[in-house]
Amino acid sequence: MVHAEYGGVVPELAARAHMKAIVPVTEAALVAAGVAWSDLSLVAVTNTPGLMGALLVGLPFAKALSYSLGIPLVGVNHLEGHLFALRLEHPELEPPFLAAVLSGGHTELLVVEDWCRYRLLGSTVDDACGEAFDKVAKLLGLPYPGGAEVEKLSREGRESINFPVPDPGGLDFSFSGLKTAVLYHRRDHPDTPRADVAASFQRAAVAAVTNRVEQAVRKTGFRVVGVSGGVAANGYLRERLADLARHHELNLVIPRPEYCTDNAAMIAAAGLERFARFGPSPLDLPAAARTALS
Ligand code: KG4
Ligand code: ZN
């Protein structure tokens, strides 16, 4: 894989890989779904946030599709897509509810006041949760992307190291100190089994998430909590969240793992709702590397 070779995403290579893949991947998706180009009625596309190079491949492709097929275009915030992954499997899910999006670039705790209307409660002050998994994976010599690799290795390890559970206060998150603690531990105790380091890191990172969710539940009183984004595919996190849900009698919604990590179905679901509420986006819709959910 193009990113595994470099231990991370090289933006220029990612853009070129997108360029090569976008047509065959779209064609393969249509074949898999048993749908023809002429069956399509709306094009939903991520226009923010993300790596500019990748957005500047997907967005013009979507515009060209919309124009040539004569169907509307609708821009979607990628994080909003992760929130709609919650509804893919739980169509009955009704706002308001509490949600956490844990991805490679974002860690956000928010209230879904209504679909397409969000209130941010907290976010990471430094690294994203998935980014911490990826950086620790790299420290342990595991391939990129590292989250699932850390999870796999953790199953063979003991939570023997007491890494501090990060807490920057309020409802914010912080993961860079934990990553540095792992770095120093590797330097000072090179003989500790890697699996023990992985399991101990995972325990602390997951505790940081469950603690925040618990605080947000206490503070807001919401009984329905949705968790999505790539890190929500983590089995250990899912178990700890399930414990929390039992303890507080919460209705916990986590998409199945393939809907937690990036996927086009969630963007389509978000696009459909946005189109129904706000109509199409203009064909000169810009790409933006960073945009907050609103
Ligand atoms: O949502 P996502 O697929 O892409 C972004 O929007 O960033 O999230 C990717 C992130 C990566 O950091 C990846 O290492 C992490 O999610 N991830 C995991 C697991 N699967 C993916 N982290 C921990 N455990 C996993 N099983
Ligand atoms: Zn994502």
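This tour visits salt bridges in a predicted model, stop by stop. Local features are given only at pLDDT of at least 70 and side-chain atom pairs only at pLDDT 80 or more, while totals for chains, interfaces and linings use all residues. Residues are numbered from 1 along each chain as its sequence is written, and side-chain values use heavy atoms, with hydrogens and water left out.

With a salt bridge taken as a side-chain nitrogen of Lys or Arg within 4 Å of a carboxyl oxygen of Asp or Glu, the count comes to 20.

Select Glu89 and Arg256, which form a salt bridge with their closest N and O atoms 2.7 Å apart. Glu89 belongs to helix H3 (residues 78-89) and Arg256 to the loop between strand S7 (251-253) and helix H9 (257-260), so this pair ties together parts 167 residues apart in sequence; helices (H or I, at least four residues) and strands (E, at least two) are DSSP runs numbered from the N terminus. Glu89 is partly exposed at 26% relative accessible area, as is Arg256 at 38%, where buried means under 20%, exposed over 50% and partly exposed in between (1.4 Å probe, protein chains only).

Then select Arg187 and Asp188, whose side chains meet in a salt bridge of 3.0 Å, N to O. Arg187 is exposed at 57%, whereas Asp188 is partly exposed at 45%.

Key. Chains lettered and ligands numbered in written order.
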